[in-house]
Amino acid sequence: MDSFTDNHSSSSASDSPRAPSPSSSSSSAVNRALQLLQSDDPDSKLEAAREIRRLTKTSQRCRRHLSAAVYPLVRMLRPESPEPHHESALLALLNLAVKDEKNKINIIEAGALEPIINFLRSESLNLKEYATAALLTLSASAVNKPFISASGAIPLLVEILRDGSTQAKFDAVMALSNLSTHPDNPSIILETNPIPFVVDLLKFCKKSSKTAEKCSALIESLVVFEEGRTALTSQEGGVLAVVEVLENGSLQAREHAVGALLMMCESDRSKYREPILREGVIPGLLELTVQGTPKSQTKAQTLLRLLRDSPYPRSELQPDTLENIVCNIISQIDGDEQSGKAKKMLAEMVQVSMEQSLRHLQQRALVCTPTDLPIASSCTSEVPSK
């Protein structure tokens with residue numbers, strides 16, 4: 001996850017929630033920072049915010065012991081405070097919130113949302129970026145999600161997604177993805193027409209990145225609605241971007257991508273089958289049936305059945321096997337390159353399936369007598385590679 005927190009993904013022994021109290025030196029630094037924060041001197045408050053940011057950069061123990069700093073730091077976000085105070089206090093709060101659910105909740109309860117929303121409207125690019133990163137971090141808490149959406153943050157995050165810096169766009173889409181997991185939020189997000197900007201970011205980012213995973217998750221939550229499905233297919237390269245994640249994304253991203261495409265095809269097969277097939281989805285689906293997560297494998301097989309010429313089961317003379325389903329789809333694909341690639345993938349898939357079956361039989365042979373072993377059926381179809 002990309003954000004302006006100093007330590008948003010690393011872990012160490014010091015991050016253990018059961019770690020002992022801090023050493024005497026860090027304890028002294030914590031106490032000094034808290035004393036400075038209570039001072040009436042603006043320079044002392046600024047020094048305290050910077051010290052708290054430093055102390056909480058890598059230490060979960062310090063985040064816990066500095067939880068008392070949340071309320072005074074939030075007060076430093078008020079409009080009457082100078083801008084350097086805003087930036088330093090916000091960055092200190094970001095570090096306090098990392099991997100600490102209580103601090104995330106306390107920051108919202110202390111009243112941080114209103115100034116953070118104002119920072120999203122600020123002329124200062126730094127404040128906009130820090131505020132976007134703050135919402136990304138705070139939206140990871142399920143408790144905070146309804147409060148963040150009720151604050152009016154969603155339209156502003158979509159504006160950042162459209163016009164912000166590259167880093168701010170990454171953080172905005174991840175914050176929106178976090179918010180979309182609350183049941184009331186996808187429809188609110190969809191009202192802001194975010195899909196063109198999500199697709200643009202998805203085209204730009206590396207398909208194996210966390211950003212691509214969050215983009216795919218957000219798209220999956222939005223194509224539940226017809227407006228979301230229409231927006232994705234209307235956006236140039238929209239379906240293709242999802243297919244590319246299905247092919248090259250992380251395991252979780254691929255699960256979101258196949259989930260989005262399956263949702264579309266299940267909602268209206270006659271409308272979405274051709275746009276999905278046109279983008280060369282078959283090779284990626286074939287690979288998912290063998291190498292994806294259990295959910296991805298099931299969804300990929302279901303989508304393959306929906307993509308064939310007839311969605312209904314065949315007669316017993318033509319079994320409804322995955323090989324037959326894919327052969328039916330391949331026969332309708334235009335272009336030698338796509339068809340050849342799909343045939344090659346199917347041949348590899350069949351080979352892997354046969355190898356897995358053989359290993360399974362060999363394992364059973366270790367615990368069964370020879371008369372208990374089933375007779376392996378011969379392969380009924382063979383797809384040549386091209």
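Biologist: How many helices and strands are there in the chain?

Modeller: The chain of this predicted model has 22 helices and zero strands. Of its 386 residues, 50% are buried. The exposed surface comes to about 18700 Å², and carbon and sulfur atoms supply 50% of that area.

Biologist: What share of the contacts joins residues at least 24 apart?

Modeller: Taking contacts between residues at least 6 apart in sequence, 68% join residues at least 24 apart. Glu 266 gives a case: this residue lies in helix α17 and touches Thr 302 and Leu 306, with residues up to four places away not counted. Glu 266 and Leu 306 are 40 residues apart in sequence, yet their C-alpha atoms are 7.6 Å apart in space.

Biologist: How should I read the confidence, and what is the mean pLDDT of the chain?

Modeller: pLDDT is the predictor's confidence in each residue, from 0 to 100. The mean for the chain is 83, and 73% of the residues reach 70 or more. Over residues 7–22 the pLDDT is below 50, although this stretch has 30 contacts in the model beyond near neighbours in sequence. Residues 314–319 are also below 50, and that stretch has five such contacts.

Biologist: Which residues have the most contacts inside the largest nonpolar core?

Modeller: In soluble globular proteins, nonpolar side chains tend to be buried together. Here the largest nonpolar core has 102 residues, and Leu 73 and Leu 261 are those with the most contacts inside it. Leaving aside neighbours within four places in sequence, Leu 261 is in contact with Val 239, Val 242, Val 243, Leu 246, Ile 276, Val 281 and Leu 303.

Biologist: Which residues of helix α16 are buried?

Modeller: Helix α16 spans residues 238–248, and its buried residues are Gly 238, Val 239, Ala 241, Val 242, Val 243, Val 245 and Leu 246. Val 239, Val 242, Val 243 and Leu 246 are also contacts of Leu 261.

Biologist: What covers the buried residues of α16?

Modeller: The cover includes α13 (195–204), α14 (210–222), α15, α17, α18 (269–278) and α19. Helix α14 also holds Ser 221. Ser 221 is buried, with a relative accessible area of 14%, and touches Ser 180 and Pro 186 when residues up to four places away in sequence are not counted.

Biologist: Now the charged pairs. How many salt bridges does the whole structure have?

Modeller: A search of the whole structure finds 11 salt bridges. One of them joins the side chains of Glu 226 and Arg 229, at 2.9 Å from N to O.

Biologist: Why are Glu 226 and Arg 229 separated by about one helical turn?

Modeller: An α-helix has 3.6 residues a turn, so residues three or four places apart point the same way. Glu 226 and Arg 229 are separated by about one helical turn because they are three residues apart in helix α15 (residues 226–234). Glu 226 is partly exposed at 29% relative accessibility, while Arg 229 is buried at 8%. Glu 226, Arg 229 and Lys 271 are linked in a network of salt bridges.

Biologist: Which parts of the chain does the pair of Glu 287 and Arg 254 link?

Modeller: The side chains of Glu 287 and Arg 254 meet in a salt bridge at 3.7 Å, N to O. This pair links distant parts of the chain, with Glu 287 in helix α19 (residues 282–291) and Arg 254 in helix α17 (residues 251–267), 33 residues apart. Glu 287 is partly exposed, with a relative accessible area of 26%, whereas Arg 254 is buried at 6%.

Biologist: With which residue does Arg 273 form a salt bridge?

Modeller: Arg 273 pairs with Glu 274, and their closest N and O atoms are 2.8 Å apart. Arg 273 is buried, with a relative accessible area of 8%; Glu 274 is partly exposed at 42%.

Biologist: Last, the cysteines. How many disulfides does the structure hold?

Modeller: The structure holds zero disulfides. Cys 215 is in no disulfide, and the nearest cysteine sulfur, that of Cys 205, is 5.1 Å away. A disulfide calls for sulfur atoms within 2.5 Å.

Biologist: Is Cys 215 buried or exposed?

Modeller: Cys 215 is buried, at 0% relative accessibility. Cys 62 is buried too, at 5%.

Conventions:
Residues are numbered from 1 along each chain as its sequence is written. This is a predicted model: local features need pLDDT of at least 70, side-chain atom pairs count only at pLDDT 80 or more; totals for chains, interfaces and linings use all residues. Side-chain values use heavy atoms; hydrogens and water are left out. Helices (H or I, at least four residues) and strands (E, at least two) are DSSP runs, numbered from the N terminus. Buried means under 20% relative accessible area, exposed over 50%, partly exposed in between (1.4 Å probe, protein chains only). Contact means heavy atoms within 4.5 Å. Accessible areas come from the Shrake-Rupley method with a 1.4 Å probe; for residues, only the protein chains shown count as cover. A salt bridge is a side-chain nitrogen of Lys or Arg within 4 Å of a carboxyl oxygen of Asp or Glu. A nonpolar core is a set of buried Ala, Val, Leu, Ile, Met, Phe, Trp, Tyr and Cys residues joined through side-chain atoms within 4.5 Å.
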